[in-house]
Every structure is written in C-alpha cells, then in structure tokens.
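Here are some notes to go with the structure you sent over. Have it open in your viewer and follow the points one at a time.

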Amino acid sequence: MVANLVLRSIPVVRQAHSPREQKPPGSPLAPSKGVPDMRLGRPARAAIIGLALTLGAVACGSGGSTSASAPPSAAAGGLEKTKLKVATLPAIDSAAIYVAIDQKLFEKEGLDVTAQVVQASPEAIPMLVKGEIDAMFGNYVSMFQAHDKQALKLRILAEGTRASPDSLSIMALPNSPIKSPKDLEGKTINVNVLHNFQELALTQVLKASNVDPAKIKYVQVTFQNIMPSWKGGQIDAAYLGEPMVTAATSSMGARKILDPASGPAAEFPISGYVSTQEWYDKNPRTAAAFQRAIHNAAKLMENNREVVAKVLPNFTQINSATAATVTFPYFSSSDNPVRLQRVADWMLEAKWLSKAIDVKTLMSPTTSG
C-alpha cells in the first residue's frame, strides 16, 4: 500500500515545541522505566516559528467518505479496512504519523494512510462523528471535554506526545518587574486557547511554586500575535514554546521565569491519536495495526532525529535547517493510562469536567511489542 499526504494551505505560522518517549543522553529527566522516550536538541538559531502545542488537531475542509472496503490482499491480515484518513496538525507533535508514512511502517501493517493537515480539534469532532475521517490527532484536554459533553464517545488509539523539559517557558522582558514565579500573581499571560492544556499544566506548576493560580489572568492570543502583544504590553509575561524561547532570549533578551513542563507537570501528556468507540468496535484489527505503526515510528525516532527532521518540512513551515536543531517533544512508543489519568484528574479538579473520567476504559489494548 502507498501512504499519502494531503496538505491544505496553512497560515504563515511556524510551529515547534515539545514532548517524546525516550530522553537523549544528558537529558535532565530520566526516562520512565519501561517507557522509552526521545528528546531532541534545542534550536541553535533564533527564528520565530509559531508555537504548535497541539492545542487542537483538526478541522479539515474536505470531507468525503472513508468507508473504503478492504481489498482481497487485506483479507489475509484480517483488517476490516485498509484505507484510512487521519487528521493532523502542521506541528512537530504530529511527526510520528509522517515518519510512519515515510518509513513505510503503515504499509508493513497493510494500511494505506492519508494524513490530512488541518487546524483545530473542536472543528474536527463533527467530521469524526460523521465518518468523514477515521481518526484524528488531538490534544487530550479538548478530547476529554468533548467526551464529557457527549459530543462523541472517545476511543484513544495511541498516545502521541508529552512535554519535555524546557520545551515550554513563561518568559519576561528584560525591563519587566517580573523576576520570580511569585511575581506572576496579578499579571496577564497568553494562551492559544482558554481552558486548555497550557493553562492546565501551568496551574499545577504555579501551585508547586507557591503561586496562587487564581491570581493569573489568561488571555487568548494567536501564535503570530504573541510577540506584538508582548512588546505592546497587552501581556505581562509570554507563554512560549521552542524555537520561540530561543528567539526571544537571543533577540529580545527575554528571561525565563518558569518551566510549565516541570515538577508536577513533567512529561505532561499533550496529545494522541483518537477515534470514536463506534469506529473502534467496527475496526479493532485495523486500529491495532495503526497503533503498532505509530509505536514503531516512535521507537525509530528515539535515537534517530534525522527521520523526524526529514519529514517536518512536508507538513509544517519549519525548514530543514531549523528542523535539524529544534527541540522535539517526547513521542510515546507505548501507552500508559496512569500518566494519562493525570490529565483527566486535573481537569476534574479545575471543574472542566462534569464527572470523573476513567482513562483506562478509553484506551485501546496495546498490541505492539
């Protein structure tokens, strides 16, 4: 089978930032036992590329049915269907699916996967429910909110990314009175989407730093408007991801105040590959094959950043030079309901859910080695 890429026009917003499943030598965080991860290096240059934190993953304009019947060649493997359409973001977080396509890992599983670049998770949920796409790459906060509101019955096919150290940063300008985390009280900070994973993770880190999260004001600012809003005084501190952290440090003399992916939020799960329970019930073997390919891609990426750098220019606006140096997130090569439960528990604590979610009941059985 031949895996395909369908790229939509995307805004001039360059995306880059954090997570993976196995840390590189010298990483400040040791990998969780039995859970391989990869962290790749920080950008060496100060190019401002829009932060792509997978605040949403999906909203494609083209529809079309994905209910292709399995050809005779698929019958031997028992796959219910072989042609899949998966919505992704033009962000580093989505890299595993593109590596799986590029390295023909889906083909080895008998799958023909089309990755369709889209923009925001909430817009894709109706597409998923209608069957216009088979699966999507989205952030867990948006997905758990949709599940809680019964917009869809969620099934997690495979974990995607987790935040890596220093991939995110709360930063202040050189002349700012903000010198420590405590100084953030009463100040305004940008987020891409209100009540999403940026705010959720930072709240826990603020608590651990003896800062009252209730005294922080969050405002929604698009990636391309962060720097102008910061320089213009509309925000007091900037919530940035790489390579914007490096750019702000080198070109503006900005100072790091806090790492939102540290302490209680270390390795915070950000995003994953999901579908509906109905789709999963109809296609369990196809789902297992998809999961194996994603896990195998993550394993391949653990010690081989070149395979990631190779595909990034295909679905992001990160050029090859920046791709070779930018910090990557941790890409999950196995699924762990315990670490993912943390997201749902924090959401319940924040009253973003109407009731508790038992994450393990939403996760697919792991079929990869």
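1. A quick definition before the first stop: a helix axis here is a line fitted to C-alpha atoms over the stretch in contact, and angles run from 0 to 180 degrees between N-to-C directions. Also keep in mind that this is a predicted model. Now find helix α6 (residues 197-208) and helix α13 (residues 337-349): their axes come within 10 Å and cross at roughly 80°. Angles of 65 to 115 degrees count as roughly perpendicular, so α6 is roughly perpendicular to α13.

2. Who does the touching at that crossing? On the α6 side the contact is made by Leu-200, Ala-201, Gln-204 and Lys-207, and on the α13 side by Val-343, Trp-346, Met-347 and Glu-349. Sorted by class, the contact has five nonpolar, one polar and two charged residues.

3. Asn-210 isn't a glycine, yet its phi is positive, about 65°. You'll find Asn-210 in the loop between α6 and β8 (217-220), and with a relative accessible area of 58% it is exposed. Lys-351 isn't a glycine either, and has a positive phi of about 65°. Lys-351 sits in the segment after α13 and is exposed, at a relative accessible area of 72%.

4. Next up is helix α5 (residues 140-148).

5. At its start, a side-chain oxygen of Asn-139 reaches to within 3.1 Å of the backbone nitrogen of Val-141. Just after α5, Gln-150 takes a positive phi of about 60°.

6. Ser-275 is found in β11 (residues 269-276). Is Ser-275 buried or exposed? It counts as buried, at 1% relative accessibility. Leaving out residues up to four places away in sequence, Ser-275 touches Leu-128, Asp-134, Ala-135, Leu-152, Lys-153, Leu-154, Arg-155 and Leu-157. Look closely at Asp-134 in that list: its backbone oxygen lies 2.6 Å from a polar atom of the Ser-275 side chain.

7. Side chains of opposite charge can pair when their charged atoms come close. Asp-134 forms a salt bridge with Lys-81, with the closest N and O atoms 2.7 Å apart. The two come from distant parts of the chain, 53 residues apart: Asp-134 is in the loop between α4 (125-130) and β4 (135-139), and Lys-81 is in the loop between α1 (72-75) and β2 (83-88). Asp-134 is buried at a relative accessible area of 1%, and Lys-81 is buried as well, at 7%.

8. How many salt bridges does a search of the whole structure find? It finds 14. One of them joins the side chains of Asp-112 and Lys-83, at 3.0 Å from N to O. This pair also links distant parts of the chain, with Asp-112 in strand β3 (residues 112-117) and Lys-83 in strand β2, 29 residues apart. Asp-112 is buried, with a relative accessible area of 8%, whereas Lys-83 is partly exposed at 43%.

9. Another salt bridge to click on is Lys-182 with Glu-185, where the closest N and O atoms are 3.1 Å apart. Lys-182 counts as partly exposed at 41% relative accessibility. Glu-185 is buried, with a relative accessible area of 19%, which is under the 20% cut-off for that word.

10. A last stop, at another serine. Ser-229 lies in helix α7 (residues 226-231) and counts as buried at 12% relative accessibility. Setting aside neighbours within four places in sequence, Ser-229 is in contact with Val-221, Gln-234 and Ile-235.

How values were computed:
Residues numbered from 1 in each chain as written. Predicted model: local features only at pLDDT ≥ 70, side-chain atom pairs only at ≥ 80, totals over all residues. Heavy atoms only, no water. Helix = DSSP H or I, 4+ residues; strand = E, 2+ residues; numbered from the N terminus. Parallel < 35°, antiparallel > 145°, perpendicular 65-115°, else oblique. Contact = heavy atoms within 4.5 Å. Nonpolar A, V, L, I, M, F, W, Y, C, P; charged D, E, K, R; others polar. Buried < 20%, exposed > 50% of the residue type's maximum accessible area, 1.4 Å probe, protein only. Polar contact = N/O pair within 3.5 Å; in protein donor to acceptor, adjacent residues only side chain to side chain. Salt bridge = Lys/Arg side-chain N within 4 Å of Asp/Glu carboxyl O.
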